[in-house]
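Take a look at the structure below. The report that follows walks through it step by step.

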Amino acid sequence: MGLEPSEEKEFKGIAASPGIAHGEVYLLSEKELTVPRYKIEDSQKDAEIKRFDEALLVTRRQIQTIQEEIRKNIGEDEARIFDAHLLVLEDQALIGEAIRELETNGENIETSVWEVGHRYIEAFSQIDDEYLRERASDLKDVLRRLLSNLTGENLEQLGHLEKAHVLVARDVVPSQTASVDRSKLLAIVTDVGSKTSHAVIVARSMNVPAVVGMGDFSKVIKHADDVLVDGYDGKVIINPSEKTLFKYGKLDEERKSLQQRLIRLTNLPSVTRDGHAVSLMANIENSEEAHQAMVMGADGVGLFRTEYLFINARHSPSEDEQFEMYSAAAKTLEGKPLVIRTIDLGGDKMPTNSDVVIPNESNPFLGYRAIRFCLDFEDLFLNQLRAILRASVFGDIRIMYPMISGRSELRQANRLLEVAKSQLKEKGLEFNESIKSGAMIEIPSAAIACDTLVEDSDFFSIGTNDLIQYMIAVDRMNDRVAHLYDPLHPAVLRVLKTVLDTAKKGKIEAGICGEVAGDPIMVPLLVGLGVDSLSMSSSVLPSVKYVVQNMTYAEAQNLAAMALEEDYSAKIMETLLDFYNDRMSQLY
Ligand code: PEP
Ligand code: MG
C-alpha cells in the first residue's frame, strides 16, 4: 500500500502517552535474528551448556546496565520494569527446558533457546489478559538479547540517531525505548501494544507522546515520511497540511497553558463556592508515588494498592520490608491520611513470584481473591497488618479491606487486626491503638446491605471499578462489552446513593476510589450524591479541584436529584457535559 506524495491521511490508534509531535519517521524494521541450526556431537553438549551459561551472564549484565541508566535518568519505578527481564533469566523452568531440548534433539543451544522461548511467547500471547500478554513482549526482548549474545549478531540499537525522529515500529521493547536519547525521540507509534505495555510506561515517564494499537501502520509508512502524532486523541496524520499543523500547534499550546493554569490550584483548598469541602486524595501503587501526590496537592492518599508490592517482585516483601515502604509513604504525607488497602491479589492481579500461589480458576473474578484469600492465608495477612500497624506511628494511617461481601468477612478481618495488635504488644512494639479500619464497597451484596457493615467500619470507600462490573455483569477489561460499562446506569446511581446515605446516617465518612472519582465530568454529580472524599490518579487532581472550586454544593445536589430521576444515562451525560463545559469555559 502507498500514498500519493503529500496526500494527508489520518490513522487512528490508542492514545497511550499525551502530547503532540511533528517530524520525520524512523522506521524500526522488525529484524528477526538469524538463528543458526546445526547438529552437535554428544561430546559437545557440555560446551554448549557452558556457552549458554556465559550468554545468560552477559545478558544479565547488559540488562543491569540498562536498568542502572534508567534508574539514574528516568526513575526507580521505570527501572523496576527490568526486574521482570532479569526474572526471565532466572526462570529455572525455561532454562531447564532449553537444556533438556538440547540433550534430546542433539542440536545447538541457539535452536533449543529459540524453540522453547517461542513456545513460552506463544503461550503468553494467547492468554486473554492484557497484563500477561504484555509479559510476552518482555520475554521477546530478553530472548532477542540472549540469542544475539549467543550468535554474536547485533541487535538494532537506536543510540545512533542523529536527529530527532518519530519512531514507528510493529512493536518496541522497553530496552529500545530506553536506549534512545530523549532529545532524539519526538514520539512513538506502534502497530501493537496497549496503555499498559512497559515500553509505553517508559515513554510516558520520559514525556514522549505515544500512539499504539495502529494495526498495520508500520507497513504503510516509509522512512523519513512526514507525520504528526496526537498522543491525546490517539491519531497519527501522514503528510499533515499547513492547516492541520496550525490547528495542532494551537491545540498543543492550549493544552499546555490549561495545564499551567490548573497547576496553580495545587495549594488551594478543595472547597465549593458555597464552602462545602470535599477531600481530594490520590491513588498510589508504591511509596514513591506519595511524593507526586503531595506535589499535585492531594489531601492525602485514599488508596494505596499494596498488591503491586507483590506483583512483579522477585519475592513477597517481608513484614520489615513492608513496614519500611508504608512508613516512607506516611512520612512523605506529613500527617495527611494514608489509606492502605490490604492485598487485593487475584482476578486480574496475579503475583509473578512463587511465594504466593493463587490457583487457576475458570472464573477468577468471582473466585479466590483479595480478602477471601487473605483470611485463609492468615500468616501473610497478619504480616501485612503488623507492618501497617507499626508504620502507623509515622502518620495518619488507615486500613482498608478489599472485596468485602458481608459482615462476617469484615468481622474476621477486624478480629485478625486485633490479633496483629496483640502480637505487637507482646513484642513491646509501638503502634496506633485506635487506627481506623474500613470496608471497600465494591461487591453488590455489600453495597445493598451496607447498613450491616456500618457498625464494624470507620469508613466506606466505594470501588466503582468493580462495583459497576459486578452490578451490570460486564467485564471491566473486555472491549467487546465496554459500551455496557455505564457508571450512570440508574441501578449504579441508586446504589451509590444508598451507600452514601447509609454512611451519613451511621456517622462514618464515605468516599469513592474507582476511576469515576477522577473524571471531572462526573465529579459534580458524585459530590451532589454526598461523597466526603474522592481518590484518583495524581495527574487528574488539578482538573478535579478546578471543577470543585467552580461549582456550588447546591448545584451539585440539583444535578444529583436530576440524575436520580432520569432513566436514560445519555441524557444525564448531556447535562453533566453542559455543566462541565460551562465551567471550563470560565477558565479562559
Ligand atoms: C475499584 O474496584 O474501584 C478499585 C478502586 O479497586 P481496583 O481498581 O484496584 O480493583
Ligand atoms: Mg476493586
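This report covers the metal site, the ligand beside it, and several strands. The model is a predicted one.

**The magnesium site**

Which residues are the protein donors of the magnesium ion (ligand 2)? They are Glu442, through OE, and Asp466, through OD.

Glu442 has 2% relative accessibility, so Glu442 counts as buried. Asp466 has 3%, so Asp466 is buried too.

**Ligand 1**

How many residues surround ligand 1? There are 14. The closest are Arg305, Arg341, Lys349, Asn465 and Arg476.

| Residue | Part of the residue | Distance to an oxygen atom of ligand 1 |
|---|---|---|
| Glu442 | polar side-chain atom | 3.0 Å |
| Gly463 | polar backbone atom | 3.4 Å |
| Asp466 | N or O atom in the side chain | 3.0 Å |

Taken alone, ligand 1 exposes 290 Å². The protein buries 99% of that area. Two elements give two or more residues to the shell around ligand 1: strand 10 (301-305) and helix 16. Helix 16 gives the most, with three residues.

For the side chain of Asp466, an N or O atom lies 3.0 Å from an oxygen atom of ligand 1.

Now turn to strand 12 (residues 396-401). Five of its six residues are buried, so strand 12 is largely enclosed by the rest of the structure. Strand 11 (residues 337-341) pairs with strand 12 in the parallel sense, over five bridges. Here Arg341 has Met400 of strand 12 as its bridge partner.

Lys436 in strand 13 is the bridge partner of Arg398.

**Ser437 in strand 13**

Ser437 lies in strand 13. Its relative accessible area is 6%, so Ser437 is buried. Which side chain makes a polar contact with the side chain of Ser437? That of Asn414 does, at 3.0 Å. Leaving out residues up to four places away in sequence, Ser437 touches Ile399, Tyr401, Asn414, Leu417, Ser457, Asp458 and Phe459.

Strand 3 (residues 20-28) is another enclosed element. Why is strand 3 described as largely enclosed by the rest of the structure? Because seven of its nine residues are buried.

Strand 3 pairs with strand 7 (residues 226-230) in the antiparallel sense, over five bridges. Ile20 has Asp230 of strand 7 as its bridge partner. Strand 3 is also joined to strand 4 (residues 165-169) by four bridges, and these two run parallel. There, Leu27 stands opposite Val168 of strand 4.

How values were computed:
Residues numbered from 1 in each chain as written. Chains lettered and ligands numbered in written order. Predicted model: local features only at pLDDT ≥ 70, side-chain atom pairs only at ≥ 80, totals over all residues. Heavy atoms only, no water. Donors = N, O, S within 2.8 Å, 3.2 Å for Na, K, Ca; no water. Buried < 20%, exposed > 50% of the residue type's maximum accessible area, 1.4 Å probe, protein only. Pairing = 2+ DSSP bridges. Polar contact = N/O pair within 3.5 Å; in protein donor to acceptor, adjacent residues only side chain to side chain. Contact = heavy atoms within 4.5 Å. Near = heavy atom within 4 Å. Areas by Shrake-Rupley, 256 points an atom, 1.4 Å probe, with all protein chains shown as cover.
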